[in-house]
Amino acid sequence: MSSPTGPVSGLPVRMPRPRQPGRHRRPEPLAAPEGAPSLVLAVPGTPSAATRSLAEEVVSIARSELPGLDARIGYLDGDDSEFPTLQTVLTRAAEERAARYEQAVAAGMDVQEPDGPVAVVVPLLAGPDSALLRQVRQAVMESRVAADLTDVLGPHPLLAEALHVRLSEAGLARADRARLFTVATAADGIILASVGGDEAVQAAGITGMLLAARLAVPVMAAALDQEGSIAAVAEQLRSSGSQQLALAPYLIGPELEPGLLEAAAEEAGCAAAEALGPYPAIGKLALAKYTTALGIAPPQPQGAPAR
């Protein structure tokens with residue numbers, strides 16, 4: 001306790017820390033604006049407990065980066081019970097916004113009628129997949145809700161970092177080239193596996209160049225969903241001198257059909273790393289897509305430099 005003249009019984013009083021002056025002061029923390037649209041994560045693939053856990057971790061990361069964020073999860077192939085569909089999540093967000101406005105008016109508050117998008121839909125995809133993106137757009141249209149749809153998360157340096165981490169976790173790459181140790185199973189050629197056809201392969205190739213710079217080994221993109229693509233790229237890498245290959249999925253996980261990655265690794269005759277999963281960069285990139293769409297973007301997440 002304290003009195004107007006000072007602390008009682010000699011107890012210290014916690015005083016607010018003065019704001020640091022000058023250009024090196026810490027920026028004020030960003031928070032979601034009052035009444036901001038919801039961030040709705042559009043999750044592809046067959047829903048499961050693992051998929052839900054992954055999506056919840058991604059939105060948890062986004063919420064931690066932007067306090068007050070209303071983040072929700074909609075499944076492209078949901079069942080509207082355990083796994084709500086994207087269309088249902090958008091409809092519910094619109095209904096809740098309308099209800100809040102009506103309650104405020106009934107309470108005599110001077111509030112403006114809601115305007116602008118109800119939600120910003122962010123596809124949980126590292127790279128473009130025309131079939132899945134068409135499904136997202138269809139769900140948004142059928143919901144009849146005003147919603148903005150962002151691009152996919154990649155390419156981005158943070159995804160190259162995430163791929164590097166997943167390869168090192170599998171013992172297929174050094175965690176840090178600057179450290180004086182070796183990894184006996186480190187690959188000297190990486191197949192960057194994508195889903196979504198030629199467009200996805202081209203987009204993955206951009207991140208692949210960033211990964212190659214980090215690892216100092218050749219990286220080539222290939223399509224998991226095109227017959228012979230993985231084997232052809234594996235042969236090309238071996239012909240150019242790579243002897244120990246590794247398969248790195250340029251995929252978050254839910255969009256990956258069961259058994260597809262294992263079959264591709266067997267086809268290429270090499271080991272495979274895990275999919276990107278709920279790597280922290282995924283949540284940060286999803287949030288960056290949301291804030292950019294609203295024009296409230298904080299500094300864009302930067303990739304760590306190659307080491």
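Tutor: Let us start with a definition: a residue counts as buried when its relative accessible area is under 20%, as exposed when it is over 50%, and as partly exposed in between. In this model, which is predicted, 45% of the 307 residues of the chain count as buried. The accessible surface of the chain comes to about 16,300 Å², and 52% of that surface belongs to carbon and sulfur atoms.

Student: What makes histidine 164 a buried residue?

Tutor: The relative accessibility of histidine 164 is 3%, and the cut-off for buried is under 20%, so histidine 164 counts as buried. Histidine 164 is found in helix α4, which covers residues 157-169. Leaving aside residues up to four places away in sequence, histidine 164 touches Ala173, Arg174, Ala175, Leu211, Arg214 and Leu215.

Student: How do you know that the side chain of histidine 164 makes a polar contact with arginine 174?

Tutor: A polar contact needs a pair of N or O atoms within 3.5 Å, one able to donate a hydrogen and the other to accept it. The side chain of histidine 164 reaches the backbone oxygen of arginine 174 at 2.7 Å, and this distance is within the limit.

Student: Why is aspartate 80 called partly exposed, while arginine 144 is called exposed?

Tutor: Aspartate 80 has a relative accessibility of 45%, a value between the two cut-offs of 20% and 50%, so aspartate 80 counts as partly exposed. Arginine 144 has 78%, which is over 50%, and therefore arginine 144 counts as exposed. Aspartate 80 sits in the loop between β4 and α2, and arginine 144 in the loop between α3 and β6. Each has a positive phi without being a glycine: phi is near 65 degrees in aspartate 80 and about 55 degrees in arginine 144.

Student: What makes the bond from glycine 154 to proline 155 a cis peptide bond?

Tutor: The omega angle of that bond is near 0 degrees, and the bond is cis. Proline 155 has its place in the loop between β6 and α4.

Student: How do you know which strands stand at the edges of the open sheet of 4 strands?

Tutor: The order of that sheet is β4-β3-β5-β6, with parallel pairing. Strands β4 (71-75) and β6 (147-149) each have a single partner strand, so one side of each is left without a neighbour in the sheet, and they stand at the edges. Neighbouring strands of this sheet are turned by 30 degrees against each other on average, direction ignored.

Student: What makes β3 and β4 paired strands?

Tutor: Two strands pair when there are at least two bridges between them, and 5 bridges join β3 (residues 38-43) to β4. Alanine 42, for instance, stands opposite glycine 74 in β4. Strands β5 and β6 are joined by 3 bridges, and here alanine 119 stands opposite alanine 147 in β6.

Student: Why is β5 described as largely enclosed by the rest of the structure?

Tutor: The description follows from a count: 5 of the 5 residues of β5 are buried, so the strand is largely enclosed. Ala119, Val121 and Pro123 point one way from β5, Val120 and Val122 point the other way, and all are buried. Helix α8 (residues 280-294) lies across β3 and β5, running at about 140 degrees to β5. Strand β8 (residues 219-223) is also called largely enclosed, because 4 of its 5 residues are buried.

Student: Why is the pair formed by the rings of tyrosine 75 and phenylalanine 83 called edge-to-face?

Tutor: Rings pair if their centres lie within 6.5 Å, and planes over 60 degrees apart count as edge-to-face. The centres of these two rings are 5.2 Å apart and their planes stand at 80 degrees, so the pair of tyrosine 75 and phenylalanine 83 is edge-to-face. The count by this rule comes to 1 aromatic pair, and both tyrosine 75 and phenylalanine 83 are buried.

Notes. Residues numbered from 1 in each chain as written. Predicted model: local features only at pLDDT ≥ 70, side-chain atom pairs only at ≥ 80, totals over all residues. Heavy atoms only, no water. Helix = DSSP H or I, 4+ residues; strand = E, 2+ residues; numbered from the N terminus. Buried < 20%, exposed > 50% of the residue type's maximum accessible area, 1.4 Å probe, protein only. Contact = heavy atoms within 4.5 Å. Areas by Shrake-Rupley, 256 points an atom, 1.4 Å probe, with all protein chains shown as cover. Axes fitted to C-alpha atoms, helices over the stretch in contact; angles between N-to-C directions. Phe/Tyr/Trp six-rings, centres within 6.5 Å; stacked < 30°, edge-to-face > 60°.
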